[in-house]
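Dear colleague,

My notes on it come after.

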Amino acid sequence: MTTTAQPVIYLGLGARLTSGPSELVVRSGFRVETDCGPLLHHWFGLVDLTHVLALLDADLIDREPAAELIRALLDMDALDPTDFPWDPAHGDPYNSREHHLAARLGSVAGRLHLGRTRREAGRCAFWLATRDALLRLHAAGVALTSALTHRSAELAETWWADMTYFQPAQVSSFGHYLLSLAHETERQTDRVRRAHDAAAQLPLLAGGVAGTALPLRRASYTDRLAVPVEVTTTRDAMWATDNLVEVMVSGCQIVTTASRLAEDLLAFCSPAFGYVRLHDGHCRASVHLPQKRNPYALTVLRGGASMAIGRTTGVLTTVRTPTAQSDNWMHTYGEVLGTIEHAAVLVALAAEVVEHMQVSAETLGERALSGFTDATDLAEQLAVVSGSDYRSAHRAVGTLASKAEAEGRDRFSAADLLELDLADRAPRGPAASVAARNVPGGADPGEVRRQARRLLRRTAARRRWRDEQAALAATTRANLLAEAAAVARPSSADSAAAG
């Protein structure tokens, strides 16, 4: 077995370990975690700065070494995450940062580890990064809800044959169809918000697992990071995995909703339907077939949802282990953050598709009564007029539809109504049929627009919440960096001595 070269002291070497890591351990394990370093870089910076300031609050570090540490941490934070010298030979992102600090500060760098483990620092950075990513996913969800809702109001009187199993079912409006997806997206966006709240589980003062024995104050962290951390147990905060699952499932669900929309639109934009035409910016040309406009954006949404489901399943599998196991977390940083970031882009794409697609009201209206979509109305009228049970009326209308189909027709005629003894009841047109469906949540255009207005008001409130959270995060970061910079500046006494 070969081992990696050791240009610097590997953590534990000469104490509990007599050898550095196997090359294969580095390639199969350390690299997986270290590759996530760029995703966590700035969040590690905030967490480390907060810890140094908390040590100062508790008089556990002198001001001068604290200032040295902070200056180095601020310089690190100013680096582009991809420019930082991440090296999997050191173990994980935290160890790469430790090595960098030690090369610059020597033993002073070791002060940063007082009162916490590397896992505590890594978890805190991860949860902060996750909350930030979830805000972007939430914004995308709000945008998709808004796009669907605006189009639903616009198309509240665009009649069509609504479907189940892609078979004609009832006359409705395309606006009512889009509004159904808007409501589902709204619920998914609320799940993202709950995941954002759940991601506040920073394992502050966890020590190893039982809590630190040092006189560190919890408020030194929570006040500076502005995260409402609920107190459970330090072991739970450090090693629980249920919140990981909640985050992943929230991302997976909202992307799945976008994918379900894409599945419908793939059919609706095909020549067989001709209901929808995607914007050219969401299509690709065929290399060989010059007439084609491939609906590429829709396949991106479907494939992205499949990948999100797969990655969520992977996280679910890794958390199914005994408690306090690092294999729960080895792949977590990249899988969770990567999934949520990609989900935000996919949901934003779905919103863009909805906003810019053209809907053919003419084609939809022409086919609104095709496929006997007024059959339920006729069966209900027959049951009421004749006093028969609905099953008998259902059978009579179904038999008549079969007869008409055999004659090459896809809708009922006046003669059909005569055969049902409904000759005095003229067939309803699409507008009258849909207007009759004025139950709460029904397809009546007035009801669709009322629902849309209510939904847009709720969407505005969700947008305000997201903007407030983003502003709070930005202010928190700016205040923390300003406080750290003030500590890093030489005191007046130091300046006088230097003079």
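Predicted model: local features only at pLDDT ≥ 70, side-chain atom pairs only at ≥ 80, totals over all residues.

The protein has 19 helices and 6 strands. Its radius of gyration is 31 Å, well over the 23 Å that the globule rule gives for 499 residues, so the protein is more spread out than a compact globule. Along the principal axes, the C-alpha atoms fill a box of roughly 105 × 50 × 45 Å.

Of the 499 residues, 48% count as buried, and the accessible surface comes to about 23400 Å², with 55% of that area belonging to carbon and sulfur atoms. As for charge, the mean positions of the 52 positive and 57 negative charges lie 1 Å apart.

The largest nonpolar core holds 114 residues, and the members that touch the most others are Phe126, Leu137, Phe174, Leu202, Phe268 and Val276. Helix 5 (residues 118-154) gives the largest share of this core, with 14 residues. Leaving aside residues up to four places away in sequence, Phe174 touches Leu155, Thr158, Trp160, Phe268, Val276, Val359 and Leu364. Apart from this core lies another one, of 14 residues, which includes Phe372, Ala393, Phe412 and Leu422.

Helix 7 (residues 218-225) may also be worth a look on your screen. Its buried residues are Ser220, Tyr221, Thr222, Arg224 and Leu225, and what covers them includes helix 2 (37-57), helix 5 and helix 18 (445-488). Just after helix 7 comes Ala226, which takes a positive phi of about 55°.

That backbone angle deserves a word of context, since most residues other than glycine have a negative phi. Another residue with a positive value is Ala324, whose phi is near 55°; Ala324 sits in the loop between helix 10 (296-318) and helix 11 (327-330), and it counts as partly exposed because its relative accessibility is 26%. Asp421 likewise has a positive phi, of about 60°, although it is not a glycine. Asp421 is placed in the loop between helix 16 (414-419) and helix 17 (430-435), and with a relative accessible area of 64% it is exposed, the cut-off for that being over 50%.

With best wishes

Methods. Residues numbered from 1 in each chain as written. Heavy atoms only, no water. Helix = DSSP H or I, 4+ residues; strand = E, 2+ residues; numbered from the N terminus. Buried < 20%, exposed > 50% of the residue type's maximum accessible area, 1.4 Å probe, protein only. Core = buried A, V, L, I, M, F, W, Y, C linked by side-chain atoms within 4.5 Å. Contact = heavy atoms within 4.5 Å. Rg over C-alpha atoms; globule rule 2.2 N^0.38 Å. Areas by Shrake-Rupley, 256 points an atom, 1.4 Å probe, with all protein chains shown as cover. Lys, Arg positive; Asp, Glu negative; His and termini not counted. Charge placed at Lys NZ, Arg CZ, Asp CG, Glu CD.
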